[in-house]
2 protein chains.
Amino acid sequence: MSQRPSIKDIARIAGVSPSTVSRALAESPRVSLATRERIRAIADELAYTPSQAARSLVMGSSPIIGVISPTLSDPYIASVMKGLEEASHNAGYQRLVASTRGDAAREIEMVRMLLGHNVGGLIILSSRAQDAYRALLAQIDVPIVFVNSLHTGPRVYNVATDNEYGGWLATTHLLQQGHRCIAYLAGPNQGRSQTARAAGYRRALEDAGQSFRQRLIIPGDGSIRAGRKALHWWLNQPQAERPTAIFCYNDLSALGLLSEAYQQGVSVPDALSVMGFDNVPVTEISIPPLTTVEQHTEKLGRLAVASLLNALADKPVTDIFLRGDLIVRASVKAIS
Amino acid sequence: MSQRPSIKDIARIAGVSPSTVSRALAESPRVSLATRERIRAIADELAYTPSQAARSLVMGSSPIIGVISPTLSDPYIASVMKGLEEASHNAGYQRLVASTRGDAAREIEMVRMLLGHNVGGLIILSSRAQDAYRALLAQIDVPIVFVNSLHTGPRVYNVATDNEYGGWLATTHLLQQGHRCIAYLAGPNQGRSQTARAAGYRRALEDAGQSFRQRLIIPGDGSIRAGRKALHWWLNQPQAERPTAIFCYNDLSALGLLSEAYQQGVSVPDALSVMGFDNVPVTEISIPPLTTVEQHTEKLGRLAVASLLNALADKPVTDIFLRGDLIVRASVKAIS
DNA sequence: CAAGATTGTGCAAACGTTTGCATTCTTTTT
DNA sequence: AAAAAGAATGCAAACGTTTGCACAATCTTG
């Protein structure tokens, strides 16, 4: 009733040694089929669950993947998590999830803590960590997969959206729709994805023969509030210089922009076109439905797990870059 | 470089026994201040992290809270998770999170698996589990906190939104705004919160002297799609019998309804008033902004952890019921 | 100054597994 | 029929901690 049954209890009942039980439950061919089945029956009977602590202690690692993320409430993160959970569950792995609130120091602390739990590997989402941190990574002997962060090192792998391409794709779409004055609402400062999307935006402009204008970069941090503020930035631009379109770092800030536009009586897409990035689930219900770049977030999560498992199995692992797709909805209007 | 340092390594360097190291790091007054500091210095030097596996093995439990949730992508869940993470991190606990996809069998499987990890306690969100399951609960000797599920048993505690009250509050608001024909868009069938919100809806109607009409219950499951369908249900009602307001089980389906209404040219709130439940972050940016009942989700998460910790510390724990607040925005219109 | 109390430290067992090696028993081979 | 090989199982060590108990050294106390 109270104490969980151990391998010894099963051994006693079956009249064999603990080692035999261990081997039987591991389906080792070294133990006869008959005893194997008998032991399995007893184990089921007792509702035996192996002590992961003991197993982890002797094996030196546990069937747990450590996951580190800057936040848990962002829908983009939630979607990646969903992919992580699906793939890791199928592989018999659990996940220990830690949030850093964007604090690099805490990120290091979390890595330590997770290693203390003998995690088999680490998956780190949108790392904000600095160089000091790279030294630590070199010390770690479990494989690490970075999602949308781009790090290098021994046993360090990457799964990422090709953000530069995505930024280019979004901007190019706006150009093709006839927009000539396109602003970019930036994301969090140190983020790699932010830098890459901005670079894609710039390249698209230059491909089209336009020069990059710093004036058209609106500071932001990917939050709803940043989107709201961006609309006011737009309203404050002299009429003649107002961009006809804004490409937002992510959907969340694009949605904030949309909402504020509605409240301020600015019609989207008639007065202003808005482009997002991510294609999080809620974009489908925004008004107007948001044109955006699909980032295959769930897939990103599944692939991160797959890469980690391959690394654990000593299979070759290569960095993966996923290109997003344009999702055309109704927040961008063609102009002449 | 490769192998993590153990307590023995520290002992060797410090020239003391492993037991002393263990006690020193635990700040035991049984070891002199001098050695304590010396040992701590060496531990820092080596970047020592204790093996949770070993600790968990000998102590019989680990500083991990097992969390079970039907899904990870729902914003309501994400918000509860945020509260969980915050509170548990502050208390030095990690979280092992498992998702069930609403499958009761899998819920049991997950409980087993988490117990295998020696979790100190369990927090179970929106459990869909049945009676067969209650037998299992009685067997478990770690404390369990159910969030929005209502179970009873030894060492079983509840933290929940008072959904009946919330349903009553929402419906009463609609009645006060002059609505006389109010439909209810239901949530997932077996859910307790669904049942309770529906009961509150009914009580409010009866308080106002109206009779409950089964005809006005729209089947649903809390998804965006269910919201969309609900609008078509509404469109298909004979003009004279069309409800003037719909109270939705949750914000997600309310948002779906809003989106479909926009696409079908139905003006909210002019032609139809819509009420949500949860007050998830995105409701603030819906168009029109959604009137809803705030469910204090993050707080729910924090309180769940607090209850669990109290139970672990053998402090008295009582079930907690949180009443939501009405958030009046613009999706409900007064009619005469 | 002897006896007792106090302080600081070490020994060794225990937690529940896995696994290399040894052992026993049965079968095959020569 | 003896020797070798194979099959099934057991023994015991190891993983890295915590902790009750024993021990030694120092300090009080009468």
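The surface near DNA strand C divides into twelve nonpolar, nine polar and three charged residues. Here Ala, Val, Leu, Ile, Met, Phe, Trp, Tyr, Cys and Pro go down as nonpolar, Asp, Glu, Lys and Arg as charged, and the others, Gly among them, as polar. This is a predicted model, in which local features need pLDDT of at least 70 and side-chain atom pairs count only at pLDDT 80 or more, while totals for chains, interfaces and linings use all residues. Residues are numbered from 1 along each chain as its sequence is written, and chains are lettered from A and ligands numbered from 1 in the order in which they are written.

Back to the DNA. Helices (H or I, at least four residues) and strands (E, at least two) are DSSP runs, numbered from the N terminus. The largest share of the surface near DNA strand C is five residues, and it comes from α4(A).

Turning to DNA strand D, there are 24 residues around it, and Ser19(A), Ile7(B), Ser19(B), Ser22(B) and Ala54(B) come nearest. The elements with two or more residues in this surface are α2 and α4 of chain A together with α2 and α4 of chain B. By class, the surface near DNA strand D has twelve nonpolar, nine polar and three charged residues.

Next come the helix pairs. Two packed helices are described by the angle between their axes and the distance between the axes. In chain A, the axes of α1 (residues 7–14) and α2 come within 8 Å and cross at roughly 105°; axes are lines fitted to C-alpha atoms, for helices over the stretch in contact, and angles run from 0 to 180 degrees between N-to-C directions. α1(A) and α2(A) are therefore roughly perpendicular to each other, a label for angles of 65 to 115 degrees, with under 35 counted as roughly parallel, over 145 as roughly antiparallel and the rest as oblique. From α1(A), Ile7(A), Lys8(A), Ile10(A), Ala11(A) and Ala14(A) meet Pro18(A), Val21(A) and Ser22(A) of α2(A), where contact requires C-beta atoms, placed from the backbone, to lie within 7 Å. That contact has six nonpolar, one polar and one charged residues.

In chain B, helix α1 (residues 7–14) packs against α2(B) at an angle of about 105°, with the axes 8 Å apart. α1(B) and α2(B) are therefore roughly perpendicular to each other. Here Ile7(B), Lys8(B), Ile10(B), Ala11(B) and Ala14(B) meet Pro18(B), Val21(B) and Ser22(B).

Chain A is assigned domain 1 (7–50), domain 2 (58–162 + 297–323) and domain 3 (163–296), with bounds that come from an automatic or database domain assignment. Over C-alpha atoms, the centres of domain 2 and domain 3 of chain A are separated by 29 Å. Their contact takes 17 residues from domain 2 and 16 residues from domain 3. On the domain 2 side, α5 (75–90) and α12 (297–312) of chain A give two or more residues, and the largest share, four residues, comes from α12(A). By class, this side has five nonpolar, six polar and six charged residues.

Between the chains, the contact takes 42 residues from chain A and 42 residues from chain B. On the chain A side, the elements giving two or more residues are α4, α5, β2 (94–99), α6 (104–116) and α11 (251–263). That side has 21 nonpolar, 16 polar and five charged residues.

Most residues other than glycine have a negative phi, and most peptide bonds are trans. The bond from Val268(B) to Pro269(B) is cis, with omega near 10°, and Pro269(B) sits in the loop between α11 (251–263) and β9 (273–275) of chain B. The bond from Ile287(B) to Pro288(B) is also cis, with omega near -10°. As for phi, Asn118(A) has a positive value near 60° and lies in the loop between α6 and β3 (119–125) of chain A. Asn118(A) counts as buried, with 24 C-beta neighbours inside 10 Å; the cut-offs are 20 or more other C-beta atoms within 10 Å for buried, 12 or fewer for exposed, and partly exposed in between, with C-beta atoms placed from the backbone.

Technical notes
Contact = placed C-beta atoms within 7 Å. Near = placed C-beta within 6 Å.
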